[in-house]
Amino acid sequence: MEQTQKKPRVFSGIQPTGSFTLGNYVGAVRNWPALQDAYDCIYSVVDLHAITVRQNPADLRRQSREAAAMLLATGIRPDKSIIFIQSHVPAHTQLSWVLGCFCPFGDLTRMHQFKEKSKKHPEDINGGLLTYPVLMAADILLYATDLVPIGIDQKQHLELARNIAQRFNGLYGDTFVVPDGYFPTVGAKVMSLQEPDKKMSKSDANANAVVHMLDEPDTILRKFKRAITDSEGTVRAGADKPGVTNLMSIYSVMTGKTFEEIQREFDGQGYGVFKEAVAGSVIDTFRPIQAEYRRLLADRAYLDGVLADGGAAAARLASRMLSKVYRKVGFVAPDALAH
Ligand code: TYM
């Protein structure tokens, strides 16, 4: 048989909790198809993670398929990458239990996202919210992942996964690959259009703060026109200009232009012209993705076929790692029983 070089593994996930945002796209999803040729990629719609916050069951079911369709529409190819729904592979929850026993409680309580979400949902600070990063560690470690393409907001969770892997390897010998993060140089944290010192977040109460990948062109234009900037009137990046810098980052990612080029392009022009150009670049990027998304979503048989195949392929890989871990910690293998 021909000897083929094994490609390094990529894993990432996204929650099916509503339509993806420009932040999801710029910080993470945009990079996923781009990695498909050089890496062995696995991408998951993480429905188990989604229920740490109450979800309407019918919506969650619909949104899980929509999330998969959107990932395919951005260019993920099922003949190159595995795409699947997290709850279809029970090994994620099984490994998560084991890893939880190797994760100090204090490490979980100091996670930024846990603190934020606990503040936001004081009526429902559930166990899943606390152990969420352990499940994320299981997602990553199950597949011997080398690289995790994510936005900056997930960096602390990745650190936790690395710590768990190192702790486990230290106790039981080399088991897990210790994964690295893959963060875009520009756009690793897209900010709110209304409060540019805050992350653009799906759950923002102010609809004008967030651009969604499924927004109509005129909605996108309106949101950018209303984006908060400053009174200086000059298109340049700087810590003192978070609004303009955020818009420049978005425009840079959409057009491939550097900050210097952007500054030159809008030299002497007001923010109005600049904002329209940013909106235009986003509209042009999303238009073909939206069309492909609608086409895929209408083809339920194809979409479900991709997810069924993806789930089966992921389950095969995951069960190997899970068996190895079970053996290392001392569980009796069912096929070792003399009967
Ligand atoms: P989630 O669903 O919140 O977000 C999906 C991806 O989008 C990125 N992102 C952003 N990037 C830049 N700017 C923003 N404003 C912005 N908002 C979101 C996130 O960083 C993320 O990469 N816990 C994860 C999902 C997950 C996962 C995993 C990721 C579960 N298991 C294993 C990687 C590996 C989450 O909630 O992402």
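How far does a backbone N or O atom of M200 lie from a nitrogen atom of the ligand? The distance is 3.0 Å, inside the cut-off for a polar contact (a pair of N or O atoms within 3.5 Å). Welcome to a predicted model, where local features need pLDDT of at least 70, side-chain atom pairs count only at pLDDT 80 or more, and totals for chains, interfaces and linings use all residues. Residues are numbered from 1 along each chain as its sequence is written, and side-chain values use heavy atoms, with hydrogens and water left out.

- D153 places a polar side-chain atom 2.4 Å from an oxygen atom of the ligand.
- V190 takes part through its backbone, with a polar atom 2.8 Å from a nitrogen atom of the ligand.
- The shell holds 26 residues (a heavy atom within 4 Å of the ligand), and the closest are Q15, Y132, D139, D153 and V190.
- By type, the shell divides into 12 nonpolar, 10 polar and 4 charged residues, where Gly is among the polar ones and Tyr counts as nonpolar.
- Strand 1 (9-14), helix 1 (22-29) and helix 8 (127-141) each supply at least two shell residues; helices (H or I, at least four residues) and strands (E, at least two) are DSSP runs, numbered from the N terminus.

**Aromatic pairs**

- There are 12 aromatic pairs, counted when the ring centres of Phe, Tyr or Trp (its six-membered ring) lie within 6.5 Å; planes under 30 degrees apart are stacked, over 60 edge-to-face and the rest tilted.
- F11 and Y143 are stacked, because their centres are 5.4 Å apart and their planes stand at 10°.
- F11 belongs to strand 1 and Y143 to the loop between helix 8 and strand 4 (147-149), so this pair ties together parts 132 residues apart in sequence.
- Both F11 and Y143 are buried (under 20% relative accessible area, 1.4 Å probe, protein chains only).
- F102 and F168 have centres 5.2 Å apart and planes at 70°, so they make an edge-to-face pair.
- That pair links F102, in the loop between helix 5 (91-100) and helix 6 (105-109), with F168 in helix 9 (residues 155-172), 66 residues apart.

**A charge over a ring**

- K155 sits over the face of F183, 5.7 Å from the ring centre; the rule asks for NZ of Lys or CZ of Arg within 6 Å of the centre and within 35 degrees of the ring normal.

Methods: Polar contact = N/O pair within 3.5 Å; in protein donor to acceptor, adjacent residues only side chain to side chain. Buried < 20%, exposed > 50% of the residue type's maximum accessible area, 1.4 Å probe, protein only.
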